[in-house]
Amino acid sequence: MSDYVEPAEDLGEAWLRTLELVHARGGRRVNVLTTITDPLAPEDPAARAAIDAVLVPGPHKSGTIHSVQTVASTIFPQDLYHAPAVAWDPALPDEQKERLDQAAGDLYAAYTDMLPLLCTADGNPRGTYFGRMVSWPGKEAGGYNQLADRVKYLRNERRAGRRAHNLSDIAVGGEAEPPEDHTAGLQDVGVQVYAPKDKRQRGFPCLVHIDLTLLDGRLSMLAVYRHQYLVTKAYGNLVGLARLLAFLAQQTGFEVGELAVQATMADTQQGHFGGRRGIKALIDSARNKGG
């Protein structure tokens, strides 16, 4: 049975409500929808402190543990984006538009320069999420930059004054392949992070699709995961997705809408983190109970 997590304002509370729901219903659930109404709101400090205390980087029986920051950077490498203090607008002076373009270009270039090295790291032999977004299929520079085309398309929507209920044009789908005519087919180009011929049952990529929707001038995002690991990955995934959404909003001038994550399997990983008692202890710590 599908589960709908009560929407939360910030990332930390949304993660915690999801963990609580799945824990209360046995530790694994299918088709769990988590929604953050304000992805850029300050994170709940108790929730962040609790997960940071568990995610000590290094070997673990669940696999290599990575920090929230490291997981987030697989989706959006915030340290490589030097964001100007301005959002794109058709009326901006050319100098400010160039600053935004330069910041995005520098991000793409810095990341693709790192791709060969990143692909040698533990867990990255098939590429990285952000690599697939900016240089499909994501193992080296020179691939198809899905994000750049998505920014171009959304800017055209902004120039045309389309701010309300423009779902069909903004939905992100397709096969992560460039259309023959980029200028005519941008609406069919997707920020999709899997190949159609992918036959793996589990493993990379767990994130299989990112969809964007524009309504009333607000850009919202839905990410679909085939297996969402609620302890080792979910919090970092939320942080990375929120940063990606903020980048797209700044580069196109739309307001940030809501962020939603659909997990076809949501897993508390209780077998690797002290059983049900261990997960309950993590929840209590995040709720700041008794301390």
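**Entry 1: the cavity**

I looked for cavities and found that the structure holds 1 cavity of 30 Å³ or more. The model is a predicted one: local features need pLDDT of at least 70, side-chain atom pairs count only at pLDDT 80 or more, and totals for chains, interfaces and linings use all residues. Residues are numbered from 1 along each chain as its sequence is written, and side-chain values use heavy atoms, with hydrogens and water left out.

I noted what a cavity is: on a 1 Å grid over the protein atoms alone, a set of points where a 1.4 Å probe fits but cannot get out, with lining residues having an atom within 4 Å of a point. Grid points are joined across faces, edges and corners, and a volume is the space filled by probe spheres set on the points.

I read off a volume of about 90 Å³ for the largest cavity. I then listed its lining: Trp15, Thr18, Val32, Thr34, Gln228, Leu230, Ala234, Leu238, Val261, Ala263 and Ala266. Two or more of the lining residues come from each of helix H1 (11–24), strand E2 (28–36), helix H9 (234–252) and strand E6 (255–267). Helices (H or I, at least four residues) and strands (E, at least two) are DSSP runs, numbered from the N terminus. E6 gives the largest share of the lining, 3 residues.

I sorted the lining by class and got 8 nonpolar, 3 polar and no charged residues. Here Ala, Val, Leu, Ile, Met, Phe, Trp, Tyr, Cys and Pro count as nonpolar, Asp, Glu, Lys and Arg as charged, and the others, Gly among them, as polar.

**Entry 2: H1 against H9**

I looked up how H1 meets H9: their axes come within 10 Å and cross at roughly 145 degrees. Axes are lines fitted to C-alpha atoms, for helices over the stretch in contact, and angles run from 0 to 180 degrees between N-to-C directions. Leu11, Gly12 and Trp15 of H1 touch Ala234, Tyr235, Leu238, Val239 and Ala242 of H9, where contact means heavy atoms within 4.5 Å.

**Entry 3: H3 against H9**

I found helix H3 (residues 68–75) packed on H9 at an angle of about 45 degrees, with the axes 7 Å apart. H3 and H9 are therefore oblique to each other; angles under 35 degrees count as roughly parallel, over 145 as roughly antiparallel, 65 to 115 as roughly perpendicular and the rest as oblique. The residues in contact include Val68 and Ile75 of H3 and Tyr235 and Leu244 of H9. By class I noted 8 nonpolar, 4 polar and 1 charged residues.

**Entry 4: H6 against H9**

I checked helix H6 (residues 146–159), whose axis comes within 9 Å of that of H9 and crosses it at roughly 45 degrees. The contact includes Arg150, Arg155 and Arg158 of H6 and Phe247 of H9. I recorded 6 nonpolar, 2 polar and 3 charged residues there.

Terms used. On a 1 Å grid over the protein atoms alone, a cavity is a set of points where a 1.4 Å probe fits but cannot get out, and a pocket is an open set with protein on both sides within 12 Å along at least five of seven lines; lining residues have an atom within 4 Å of a point.
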